[in-house]
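Colleague: Could you walk me through the ring contacts and one of the pockets in this one? I would like to hear the rule behind each label.

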Amino acid sequence: MTPKEVLALCSEKDVKAIDLRFMDFPGLWQHTTIPMRAFKEEMFEDGLGFDGSSIRGWKQINESDMLIVPQADTAFVDPFTEIPTMVMICNIQDPLTREDYTRDPRNVARKAVNYLKSTGIADTAFFGPEAEFFVFDDIRFDQTPNSAFYHIDSNEAQWNRGRDEKPNLGYKIRFKEGYFPCPPHDQLMDLRNEMMQTMINCGLDVECQHHEVGTAGQSEIDLRFQEMVKMADQLLMFKYIIKNVARKYNKTATFMPKPIFGDNGSGMHVHVSLWKDGTPLFAGDGYAGLSEIALHAIGGLIANAPALLALTNPTTNSYKRLVPGYEAPVNLAYSQRNRSAACRIPMYSPSPKSKRVEFRCPDPSCNPYLAFAAILLAMIDGIQNKIDPGQPLDKDIYDLPPEELAVVPKAPASLEEALDALERNHQFLLRGDVFTPDVIDTWLWYKRTHEVDAMRLRPHPFEFCMYYDI
């Protein structure tokens, strides 16, 4: 849509408020709302002032003035507000120079796409993330100087088989047996259908929805692939809709990678393909029907994966998921069909248009703008430097004998390891000025100070189980 079309739609829908949204550095949507009468067409150029020093990882107090600039082509009507409200995603600019702000995650993603075009490799990067999530009926947690706990509950969880529910009807999902069961085991079908329909009403192209492997409400709703920046925009809409539909029914949805011990965590497998002049570049006559460009892109993903995971798996909890035994891709290898490999080549269709690479490491706690940009730059690095991905591993990696498994590279075991890898290896992210040194340094500082150190300094409840009686 153009600015004039947005204003016309606001009139048609009797919009009373304009909600302006942007992404903070760690990865949460932020917003400010103005009345419709105060919104003028000039704002699409002039923007609106706000305090950048109050946003995590952004400006200092002495340089806090920033501009939020709405993007007309992102407009949609909010399905949850009581009064008609038009939402627009925004870019962030410096009010003095009018330059796009380097720490604005959406700006990083836009620069990545522009850099791809400048290389001549391709003109379009299509991304299709599969973000898994849990829907719980109750969640309580706290951390004080003298106590720490969390308590999760779900009406369909295995641990509630013996609960007195007056009556308990017995349809509980066993650990690791939640993939595709019909109701009454799947108690969330109507809820996911409403999530799906709300997404469609907001302009998202939904492919399917289903229950996922884990007990206690693990779910997945898949969106059709889109151009990279648009897909990141849509993933934020996706998470917003899921959380608010759940809240409408007095439930809570989380994209935390590993909320439940002993069952599968929530990943975000990312399907990627590169196109040029309307032609797919990943189809060829190589392994699994891949082109040389695709194999080099895989080489870039595998070679840069330890650093890449600092952005695609950016929480301490992310590495509770990246452990053997729960379908998580701990080993950095590639394969057709094999879901235990970090890079998988789906074989559902022989069409060249469907040929893509699935990077299975990421999880939905990531900031999609930063994660997608980093994935794209890792693939470009592989293509430009013709990085050999090695031999495919068409075996169950978890059943390999120790001598074979020892030579397969491993994903970082902690956020701290991933951040150390990013500090050592981030030149591939600096190309085209996509990630600036300031962005990398700020990310490392923020994550180490506010997450790694914060977690390390606090006693863990399970430590009391192991050590209290020493």
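This is a predicted model: local features need pLDDT of at least 70, side-chain atom pairs count only at pLDDT 80 or more; totals for chains, interfaces and linings use all residues.

Colleague: Why is Phe-255 called buried?

Modeller: Its relative accessible area is 6%, and buried means under 20%, exposed over 50%, and partly exposed in between, with a 1.4 Å probe and protein chains only. Phe-133 has 0% relative accessibility, so Phe-133 counts as buried too. With 26%, Phe-80 is partly exposed.

Colleague: How many aromatic pairs are there, and by what rule?

Modeller: The count is 17 aromatic pairs. Rings of Phe, Tyr and Trp (its six-membered ring) pair if their centres lie within 6.5 Å; planes under 30 degrees apart are stacked, over 60 edge-to-face, and the rest tilted. Phe-80 and Tyr-240 are 5.6 Å apart centre to centre with 75 degrees between the planes, hence edge-to-face. Phe-80 is in the loop between strands S5 and S6, and Tyr-240 is in helix H5, 160 residues apart.

Colleague: What makes Phe-133 and Phe-255 a tilted pair?

Modeller: The centres are 5.5 Å apart and the planes make 45 degrees, so the pair falls in neither the stacked nor the edge-to-face class. Phe-133 lies in strand S7 and Phe-255 in the loop between S13 and S14, so the pair ties together parts 122 residues apart in sequence. Helices (H or I, at least four residues) and strands (E, at least two) are DSSP runs, numbered from the N terminus.

Colleague: Which strand gives the largest share of the lining of the second largest pocket?

Modeller: That is S7, with 6 residues. The pocket is lined by 40 residues, and those nearest its centre are Glu-130, Glu-220, Asp-222, His-271 and Glu-358. On a 1 Å grid over the protein atoms alone, a pocket is an open set of points where a 1.4 Å probe fits, with protein on both sides within 12 Å along at least five of seven lines; lining residues have an atom within 4 Å of a point.

Terms used: Residues are numbered from 1 along each chain as its sequence is written. Side-chain values use heavy atoms; hydrogens and water are left out.
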